[in-house]
Amino acid sequence: MRNKILVSALMLSGCIGLTGCSDFLESEDKSNVESEKYFMTAEGFENLSTTPYYKLRGIYDGSTVDMFISGTDIYEAGRSNYADVSLATYKTLNAENGTLLSFYKACYDGIQQANTVIDYADKGAAGSNVQKRKNEAKFLKAFYYYLLTQQFGGVPVSDSYITSVITSFPRKTQGEVYEYIINLLKEVETANVLPESDNTGRASMRAVYNLMAKVYLAWAWDYDTSADDEGNNVTINSKEKFALAATYADKAIAGKTPALSFSDMWDVKNDNNDEILFAIQYTRGIAGQDETTTGNRQMAYFGNYYNDDVEESKYTNSQYPASEKLIYLFEPGDDRFEGTFMVEQLRAYHNWYTTGIGNDTEVLYYFPAWYTDLSNLQAYNQLSKGREQTNIYSTSDPCKYVKVTVNKRTGKVTYTPGSQSYSVSRKTTSQSICVRKFDDCQSKRNTTKGVSFHNIVLAHLTESYLLAAEAYHMAGDDTKALQRLNTVRERSHAEALTSFASYKRHYSDGTDNSVNMGSGIDNVPFETNLDPIDVILDERARELCGEFYRWMDLRRTKRLVSYNVKHNSGVSSAADMKGPDGKVRWFRPLPQDVINLNQALTDKDQNPGYIAPEAEAE
């Protein structure tokens, strides 16, 4: 077996190819075969080529998802506080944070695996798919570097398979890393050996184009715009890269329009449908598989619901319930509210999928949308026998609810309109709305372990449309930007916008004015004439809820400070997001272990916002 690789300066795990794939991405131990020879065979190389795909699981299933979700405007603290308080509230975040190091190591581990595939391909590995697998590895390496640039800015670049200890690894600027990523992807584009689309979880040209759009878009924001310290007063200095981002987003779209409803597109039975461009694969039913540990946890993250009375319930770890802002972003007529949230929760949660809701089906909780007329909440209890004992919790004012009690002796049902504290209503089990978008209705309830075999989607058609909308706007073409945005809205029956200025953003002002008590929703506070980027970010919040984009979206568009100050209950002012050096924390800090072990880095190379005064003075 080939020696384990140690790259101390990068904290790489360096474990190459010890697990491969059965049914694409399930582990198969090959450690009993000499790897140097085995990976040169057609079977061995094919097995090896899946490893950089498999490593994505370490980033998108576990504590490292905090890197994408914590410290944003649309997720609130769960019933056990924030998943990572430092990442969510900024004030105490430092380079010793363990989540940062896990994420950094996982990305470089994936890069090392991709470099390994490329190395064996260049050495003449056997098989008919060698060039395809080599270009898939280039795509994956580019993807890992893109994630690193969004979180840390500039990072060291490992361009080849590393077979010895490296203790000095210079850090590239963020712009240099962007250029490196684009050159990698252009090599894939020029080779033109990948299929246009792929429904098996492998990379395709449309996935490549989607990533190129992301990279050009981020590169343009970071280098072709300027803004003040808090991201205000953005000035576009160049539109060239924004135009390239728009071009590649359209190439990812490939002339397709969404054909599936929002709910059908996300239905676990439709995993790998034609609108999915790239996803981490999970397969149920493999011999010897433990279905309570070998899946993922995405469906458990978003909500505070579970019901211990029956096994068919959904367990949530309650880490990222929807914020008040997110709740108010959904508009009347938009299918995505009920497509995203479990509005009616049954005693046996999964029966919503397996048996449906009839007149006699017991609905345990009901969460009407914020725009619902709440002048007579109790009317819901009179709709059918199954709703007679339903507890109702308003999403517009979660402190208002109807509590149902049943006299065990007489059977008499009593409805008690009540109120409760905000902290209880937003965070308590069973009293805050639960995301159903990622539900796997066949999953086995087993606390917070990996029980879901719903694929984790990393790129899809409507996401490409939203990339195009943002890029076209920044490139100066609002007509095309609005067209791309309206395509996303029309799929879910949201009203088409005639202009960016016509958009209304409703919100809660903390008073009864924020609740529709028969007065109509136009009496609920709202904003108009928002910056088009804010309109697009609102659309991304609705369409991409629970997907792993939000922190990167806010950083990229320079809204990270203003949105957190306004909507993150853990951030009280812009000062919370500044470090001891007085600089805004636009990036996460480089892990201290990385700096300590890399002779090419010192504490002065740390990101702004995390540099101690004594380090600056040196």
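How many of the five residues of strand 11 (residues 456-460) are buried? Five of the five are, and the strand is accordingly described as mostly covered.

## Overall composition

The structure is a predicted model. The protein contains 23 helices and 13 strands. Of its 618 residues, 60% are buried. Among contacts between residues at least 6 apart in sequence, 70% join residues at least 24 apart.

## Strand 11 and its partner

Strand 11 pairs with strand 3 (residues 276-280) in the antiparallel sense, and the pairing extends over four bridges. Within this pair, Ile 280 stands opposite Ile 456 of strand 11.

## Packing of helices 18 and 19

Helix 18 (residues 478-491) and helix 19 (residues 532-543) have axes that come within 11 Å and cross at roughly 35 degrees. The crossing of helix 18 past helix 19 is left-handed. On the side of helix 18, the contact is made by Leu 485, Val 488, Arg 489 and Arg 491. Helix 19 contributes Val 535, Ile 536, Glu 539, Arg 542 and Glu 543.

Sorted by class, the residues of this contact comprise four nonpolar and five charged members, with no polar residue.

## A salt-bridge network

Side chains of opposite charge can pair when their charged atoms come close. In this protein the count of salt bridges comes to 43. One of them joins Arg 336 to Glu 539, with the closest N and O atoms 2.6 Å apart.

Is Arg 336 buried or exposed? Arg 336 has a relative accessible area of 0%, and is therefore buried. Glu 539 likewise counts as buried, at 0% relative accessibility. Both residues take part in a network of salt bridges that share partners. Its members are Glu 275, Glu 331, Asp 334, Arg 336, Arg 489, Arg 491, Glu 539, Arg 542 and Glu 543. Among them, Arg 489, Arg 491, Glu 539, Arg 542 and Glu 543 are also listed in the contact of helix 18 with helix 19.

## Two further salt bridges

Glu 344 and Arg 387 meet through their side chains in a salt bridge, at 3.2 Å from N to O. Glu 344 is located in strand 5 (residues 344-346), whereas Arg 387 is in the loop between strand 6 (363-366) and strand 7 (391-393); the pair therefore connects parts 43 residues apart in sequence. With a relative accessibility of 18%, Glu 344 counts as buried, because the cut-off for that class is under 20%. Arg 387 is buried as well, its relative accessible area being 12%.

A salt bridge is also formed by Lys 55 and Asp 109, whose closest N and O atoms are 3.3 Å apart. This pair links distant parts of the chain, 54 residues apart: Lys 55 is in the loop between helix 3 (51-54) and helix 4 (57-60), and Asp 109 is in helix 7 (residues 98-122). What is the exposure of Lys 55? Lys 55 is partly exposed, with a relative accessible area of 22%, whereas Asp 109 is buried, with a value of 9%.

How values were computed
Residues numbered from 1 in each chain as written. Predicted model: local features only at pLDDT ≥ 70, side-chain atom pairs only at ≥ 80, totals over all residues. Heavy atoms only, no water. Buried < 20%, exposed > 50% of the residue type's maximum accessible area, 1.4 Å probe, protein only. Helix = DSSP H or I, 4+ residues; strand = E, 2+ residues; numbered from the N terminus. Pairing = 2+ DSSP bridges. Axes fitted to C-alpha atoms, helices over the stretch in contact; angles between N-to-C directions. Left-handed = near helix turned anticlockwise from the far one by under 90°. Contact = heavy atoms within 4.5 Å. Nonpolar A, V, L, I, M, F, W, Y, C, P; charged D, E, K, R; others polar. Salt bridge = Lys/Arg side-chain N within 4 Å of Asp/Glu carboxyl O.
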